[in-house]
Amino acid sequence: GRTRVDYILSNSDLVGQIVTVKGWARTVRIQGNGSFAFVEVNDGSTVKGIQVIVNNAFPDFSNLKGTGISVSCKGLLVESPGGEQSVEMQVQDPSQHEFKIIGDCDQTAFPISKKNHTPEFLRENAHLRTRTNLIGAIARIRNALAFATHMFFNSRGFLYVHTPLITASDCEGAGELFQVSTILKSKVADIKQKDGMVDYSQDFFGKPAFLTCSGQLNVEAYCSALSDVYTFGPTFRAENSHTTRHLSEFWMIEPEMAWAQLEDNMECAESYLKFCLQYAIDNCYADLEFFDKFVEKGLIDRLRNVLEKPFARISYTEAVDIIHKCGKQFKIMPQWGDDLNSEHERYIAEEVIKGPVIVFNYPKVLKAFYMKVNDDDATVQAMDILVPKIGEVIGGSVREDRLERLDQMIQFKNLDKESYWWYRDFRKYGSVPHAGFGLGFERLVMMVTGVENIRDVIPFPRWPGHAEF
Ligand code: 4AD
Ligand code: MG
């Protein structure tokens, strides 16, 4: 067996006992003319590992080269005389204790040595960057936020629905889809004979299909019978974006609520975001302190500020007005009906509101076909949540529940009505008003950690041309 380092560090009554710790050496310092060594052993349960003091009486001591090796240590927990941690481990006496190197690590070749690496270098070594404090802390936060998501929605009576990844429909109607193609086994054999010429058949067993860009349309099917539902899974966008906020593959949380109006949608989105922030503060404080120290100074205060006040709410029309009246020169001055770009979005969140802001009632020309048209026939009941430094983290709307108006929108957007036949059926058979939204999970992780590049908050980032690991 083994005892996890986080458990040891939070249970002071273990002092005086013999425990076994297994993990990877983050640092190795040989001291006292080679008579003993300080080995920091990290098992991924906390930012800091545990300091292990190993005596040279153990045979494996002579192979103790440096970082990256995996070790198994059995020894006595004692109070730490100085140092950052309250306890350390003494591996001194071969008759009672143990020290074993399980996996050696070639110091001349191991890419993740102790010194600081650039994020670019670590992305190129995404399979080994898991050994860094930064990626470890992000992994724990991601896990906590995913868990918090399920807690939040289940505590409100939402049902988790698994929506498909392969689909023929384009939810956002933006045409930014990856096509699925099949390679048949028999063809693979052919391919090998024909000098490596690859013959990909261009479809999904005779029909076109794509990787989903959103689970919303499918989750609406469940909403129209089970009332409050949500989906949480990978989504794909074939936009050729090379920004710090876009991925080709990202995870999205999409709740859908029957009988809900715009106000209910905003309330749910705000409560959900706040629940996630509070959950991270309550359950991942050591990791947040790490981000506060090394990634964004003042992070924890910023999170607490977000929790303190209600989110500001302004209409799209007010947002455009603010941009025109503020006196600041933007690269593009948006006219009513133009999209707000990230410069505008960030200005409003960072400098005007200084916190999260919900922008609602966007022009219908800008938004997806399924959004409910307002009585003015010019705007839709959309809502985006913008936050400082990141911009849009949530996009949602009330859905058009009137078949006739939905058909008008499908036509207005130049989409093919027939391909949405099943989606139109919900409006024919017991239609109900409903609303929902999508939260980009990686953008939430950025918000909670202060990490500025989205490629660093997902284990294996995919962006144009990058899908190696
Ligand atoms: O605003 P979007 O496109 O909305 C939808 O997909 C709706 N079907 C959601 C719904 O109402 N159920 O995307 C939702 C969120 C954005 O606010 C953003 O946080 C994130 O998904 N997002 C991306 N995150 C990373 N990389 C990308 N390329 C993203 N595109 C959108
Ligand atoms: Mg959006």
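Colleague: Let's start with helix 5. Is helix 5 mostly covered or mostly open, and how many of its residues are buried?

Modeller: Start with the general idea: an α-helix has 3.6 residues a turn, so residues three or four places apart point the same way. Now the case here, bearing in mind that this is a predicted model. Helix 5 spans residues 216–226 and is mostly covered, with 8 of its 11 residues buried.

Colleague: Which residues of helix 5 are the buried ones?

Modeller: Gln216, Leu217, Asn218, Val219, Glu220, Tyr222, Cys223 and Ser224. Their cover includes strand 10, strand 11, strand 16 and helix 12 (421–428). And just past the end of helix 5, look at Ser227, which has a positive phi of about 70°.

Colleague: Strands 10, 11 and 16 came up there. How do I read the sheet, and what is the strand order?

Modeller: Strands of a sheet pair through backbone hydrogen bonds, either parallel or antiparallel. In this model, there is an open sheet of 8 strands with mixed pairing, and you read across it as 7-10-11-16-15-14-13-12.

Colleague: Why do strand 7 and strand 12 each have one side left without a neighbour in the sheet?

Modeller: Strand 7 (159–160) and strand 12 (312–315) are the edges and each has a single partner strand, so one side of each has no neighbour in the sheet. Further in, take strand 10 (residues 228–236): strand 10 and strand 11 are antiparallel, paired over 9 bridges.

Colleague: Next, the nonpolar cores. Which residues of the largest one touch the most other members?

Modeller: In soluble globular proteins, nonpolar side chains tend to be buried together. The largest nonpolar core here holds 87 residues, and Cys276, Leu444, Val445 and Val448 touch the most other members. Setting aside neighbours within four places in sequence, Cys276 contacts Leu145, Ala148, Thr149, Leu444 and Val448. A separate core has 21 residues, including Ile8, Ala25, Ile69 and Val91.

Colleague: What are the domains?

Modeller: Domain 1 covers 5–110, and domain 2 is made of 131–163 + 217–456. Their C-alpha centres are 45 Å apart. Domain 1 puts 5 residues into the contact and domain 2 puts in 7. On the domain 1 side, that's 2 nonpolar, 3 polar and no charged residues.

Colleague: Last one: ligand 1. Which residues come nearest, and which element gives the largest share of the shell?

Modeller: Of the 21 residues around ligand 1, the nearest are Ser214, Gln216, Gly395, Gly438 and Gly440. Strand 11 (249–258), strand 15 (391–398), strand 16 (434–440) and helix 13 (441–449) each supply two or more shell residues, and strand 15 has the largest share, with 5. By class, the shell comes out as 7 nonpolar, 8 polar and 6 charged residues.

Methods
Residues are numbered from 1 along each chain as its sequence is written. Chains are lettered from A and ligands numbered from 1 in the order in which they are written. This is a predicted model: local features need pLDDT of at least 70, side-chain atom pairs count only at pLDDT 80 or more; totals for chains, interfaces and linings use all residues. A residue is near a molecule or strand if its C-beta atom, placed from the backbone, lies within 6 Å of it. Helices (H or I, at least four residues) and strands (E, at least two) are DSSP runs, numbered from the N terminus. Ala, Val, Leu, Ile, Met, Phe, Trp, Tyr, Cys and Pro count as nonpolar, Asp, Glu, Lys and Arg as charged, and the others, Gly among them, as polar. A nonpolar core is a set of buried Ala, Val, Leu, Ile, Met, Phe, Trp, Tyr and Cys residues joined through C-beta atoms within 7 Å. A residue is buried if 20 or more other C-beta atoms lie within 10 Å of its own, exposed if 12 or fewer, and partly exposed in between; C-beta atoms are placed from the backbone. Two residues are in contact if their C-beta atoms, placed from the backbone, lie within 7 Å. Domain bounds come from an automatic or database domain assignment. Two strands pair if DSSP finds at least two bridges between them.
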